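Here are a few exercises to work through with the model open. Try each one yourself before reading the solution.

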Amino acid sequence: TLFSTLDDKTEVREYFNNEGFNRWNKIYSDSDEVNKVQLDIRNGHDQTIQKILNWIRDDGDIAGKTVCDCGCGVGSLAIPLAQMGAKVSASDISDAMATEAAARAKAMGISNAKFYTSDLESVTGKYNTVTCVDVAIHYPTEKMAEMVGHLCSLAEDRVLISFAPKTWYYELLKKIGELFPGPSKTTRAYLHEEEVVRKALEKAGFKVTREEMTGTSFYFSRLLEARRV
Ligand code: SAM
């Protein structure tokens, strides 16, 4: 319903501006103040980022192209893309995240990336490539197709999206995790049916051109690259 969607969004924004920021800022860095689970998640996420960067490096044509990174976090993807010469416009629903990403970019002397605070539905414009990595876990099932459609509407050439896939095995892991929630507060997590994502990409006129799956003990992410046909 409308209200549960609003609640989800407010909850996600609050979380990533507060305890979620502290937790994920540590995971997405080389800080050694992480536990084993967080270290595993850091490694899994690094693998997803490296797979994307390898694809883009193989294509060899990102310099001068525009990239829109939705839900950029601390800039783990946006910053290396800017270093490869892309003109990056990156946003995050969390002001703390967008501010940290901007600070990291500034410290590295990067001037071809801008960071701002926005939920991804409110992002506008046209970009060669639109990326949205590990954000869909915060998206309610019924909003997923629309979200993919919106990302496609921003993309002239290509969309890169990752999500936790809804398989019986991961559903089981999630249920077990919910039985033993641990001490830290988190947000609701949504797994997504790959078919829903593929159909939404197709409906928007995109074709899946590359795919990857990254799974460690506590991190799992299906990655799709789709191009406008
Ligand atoms: N994409 C980054 C990466 O791969 O390093 C960050 C991934 S982190 C798990 C998820 C991020 O999505 C958080 O920074 C969170 O604030 C952001 N987020 C969640 N829902 C969002 C929304 N509706 N619009 C924009 N950002 C959102």
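**Exercise 1.** What covers the buried residues of H6?

Some ground rules before the solution. This is a predicted model, where local features need pLDDT of at least 70, side-chain atom pairs count only at pLDDT 80 or more, and totals for chains, interfaces and linings use all residues. Residues are numbered from 1 along each chain as its sequence is written, and side-chain values use heavy atoms, with hydrogens and water left out.

*Solution.* 
- Step 1: find the helix. H6 spans residues 144–154; helices (H or I, at least four residues) and strands (E, at least two) are DSSP runs, numbered from the N terminus.
- Step 2: pick out its buried residues (under 20% relative accessible area; exposed is over 50%, partly exposed in between; 1.4 Å probe, protein chains only). They are Met 144, Met 147, Val 148, His 150, Leu 151, Cys 152 and Leu 154.
- Step 3: list the cover. It includes strands S1 (66–70), S4 (127–132), S5 (155–163), S6 (206–215) and S7 (220–228), plus helix H8 (194–203).

**Exercise 2.** Take the aromatic pair Tyr 15 and Phe 16, then Trp 168 and Tyr 169: what are the angles between the planes?

*Solution.* 
- Step 1: recall the cut-offs. Rings of Phe, Tyr and Trp (its six-membered ring) pair if their centres lie within 6.5 Å; planes under 30 degrees apart are stacked, over 60 edge-to-face, the rest tilted.
- Step 2: Tyr 15 and Phe 16 sit 4.9 Å centre to centre with 80 degrees between the planes, an edge-to-face pair.
- Step 3: for Trp 168 and Tyr 169, the centres are 5.9 Å apart and the planes at 80 degrees, so this pair is edge-to-face.
- Step 4: Tyr 15 is buried at 3% relative accessibility and Phe 16 at 9%, whereas Trp 168 is exposed at 70% and Tyr 169 partly exposed at 44%.

Notes:
Contact = heavy atoms within 4.5 Å.
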